[in-house]
Amino acid sequence: MAIVLALPAALVVGADLALRGGRLLDLPLKYVGSYGVAVFESAVLWATLLGCASARQGWLRWLAAGLFVALATAAVGGQVYFYGQYATYLNLDATLFGASMGESLAAQLGADLPNVLTSSVPPLVAALALIWLGRRWVRTRRRTASLAAAAVPLVVAGALFIPCSYRSIQGSTPDVIYFHAVGGLLKRLAGVDETQHVRPQRRSPPRLGQLTGAVPVKRNVLLVLTEAVRADVTCPAHQAVCPVMPFTNEALPDRLPLHELRSTSSATAIQLAVLWTGLGPDAGRGPLHQAPTLFDYAHAAGWDTAYWSSHHPLFANTWLYVQDLPCRFLVSATHLDPTADVDLGADDELLTERVKVDLVQLQEPFFAMAHYGNTHVPYLIDETDAPFQPYGLSKAPADNETLRNLYLNAVYRQDRTIADLVRFVRGLPLSERTIILFTSDHAEQFREHGQLGHTGSVFDVEIHVPGWIDAPAGTLTETERAAIVRQARRPVFHSDLAPTLLDLMGLWQHPQLAAYQGAMVGDSLLRPTRDDRIVSLTNCAGVWGCAFENWGVMRGFRKVHAREWDQDWLCFDVASDRDELNPLANESCADLIAEAQRRFGSLPGRD
Ligand SMILES: [Zn+2]
């Protein structure tokens, strides 16, 4: 009888071992203790419910049985599913983060419903079987069943509100982490806990006044930013065959490549702030909201400006950050399509059509930005022109390659419309004065390091992005062109793009901007860059709080970073180990580890 009652907790521990056996065996001693407490908590919870559900008679046993099956299915099924996506268990941070994403999260779970259900079937069957076993072998007597029933509210409340180890090491069983997360969410909903996840707010930049005496330049700048496109699926330089992005490859054969361009986070909101302000992602909430943006600088210098985006304005409040940009044209997904999907945004083809209409109305010189978005999950493809087969929507680990093909088809479809735009621009009389710069806000992981998507780490699969500059003859001086060519295979970062774009506008090192440019962390790629600078990488920033902490720093091709479950810093040389599979001894990165400690205070998840 006792064996049957202990069985649920044993099954949970078994499932946990099957999912993360290696990590469990490496648990530091103090977490062995917290794990033991969690096993006890799990055993008390399930034994109480099962004992009550195994009563010989009475209606309460049906209530307890229903609760037992529902909780077991939700907790174990939910954790198995979540672990398959993110290589970590759903915890309090993630539920609070998810609550702040609302509609977006519901849409993603809905889209992957078959896998959510598949993960839930085994625990559902096991729970039903345990009820059957309990009623056959345990057959709780009336008195004991009444005591158990009275204890149910207590043990459930305990599971919801007793603290547990859930963050970096996750030294608890998955069910205990799950109930703790639900309890925290309930506290948030009840207003007991009012901490908010960090999201972009309205900006409050200083008034720049009129900038005078800028170096006169006769060139327009068009920045094309896409979403979640990896460097390794694109062709920064022209290639004879470019399977995933063939259209821009053909349209701009003379573009100057930046093969080693990296973003400084894998979150859209953080990268917009970095690209626009030139600050590091770790600059803090105040500076990231108060610094002038490229649009502010351009506007103050008398340039015409535009920002067109197919991203949804309600996606994590990004519109708050955007709404005050001094732009003649300020367009987002709902302007293009009022029914746009919150994750995908409006159709990128609508964006291209809108840019074509507005661009010819801009006064020269102009600084304009077209921000594409359909390469975000759930990935918009053209089913009649999808060369990467077979493709599918499932996010199950076994379906990784079909999901990757879906993604490649989305990049391919988007490339067609971006090429449409750049061909249009290159056909205009202003083309000979217009420089086009292309990059992606970040890249996208397909489980190379156990995770899916972005914002989960700063591994290269999430931050190595495509980059190229298309500059018709006469738009750059010989020295400027030579400087960019020299950067083709050198490590450069998104934080270098604000200085570069300001330099293209003749505003880099403008005396009136000295204070702001002093805070910028990058170098203009039109000039020699510093080799020894250390660049911060983080997905936890003042414009965007992360579900799971991860950060690091990079100097040249050497890189140090960690996620909250990594036991120590990981040190890589990404020039020789491009997949980041062979960490170097920490001594090889001593300088970077010291700097990462100084900038971030600790390893991720150690507060
Ligand atoms: Zn993004």
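Author: Here is a walk along the cysteines, pair by pair. Before we start, this is a predicted model, where local features need pLDDT of at least 70 and side-chain atom pairs count only at pLDDT 80 or more, while totals for chains, interfaces and linings use all residues. Residues are numbered from 1 along each chain as its sequence is written, and side-chain values use heavy atoms, with hydrogens and water left out.

A disulfide is a covalent bond between the sulfur atoms of two cysteines. Here a pair counts as one when the two cysteine sulfur atoms lie within 2.5 Å. Searching the whole structure on that basis turns up three disulfides. Count the bonded cysteines along the chain and you get the pattern 1-2, 3-4, 5-6.

Let's begin with Cys235 and Cys242, whose sulfur atoms sit 1.9 Å apart in their disulfide. The link of Cys235 and Cys242 has 105° about the S-S bond and is right-handed. Are these two buried or exposed? Cys235 and Cys242 are both buried. For that word the cut-off is under 20% relative accessible area, while exposed means over 50% and partly exposed is in between, using a 1.4 Å probe and protein chains only.

Next come Cys540 and Cys546, which form a disulfide with 2.0 Å between their sulfur atoms. The torsion about their S-S bond is about 105°, so this disulfide is right-handed. As for cover, Cys546 has 12% relative accessibility and so counts as buried.

That leaves Cys571 and Cys589, a disulfide with its sulfur atoms 2.0 Å apart. Their link is right-handed, with 65° about the S-S bond. This pair links distant parts of the chain, 18 residues apart: Cys571 is in strand 15 (residues 570-573), and Cys589 is in the loop between strand 15 and helix 21 (590-600). Those element names come from DSSP runs numbered from the N terminus, with helices (H or I) of at least four residues and strands (E) of at least two.

Cys52 has a relative accessible area of 5%, so Cys52 is buried. Cys327, at 16% relative accessibility, counts as buried too.
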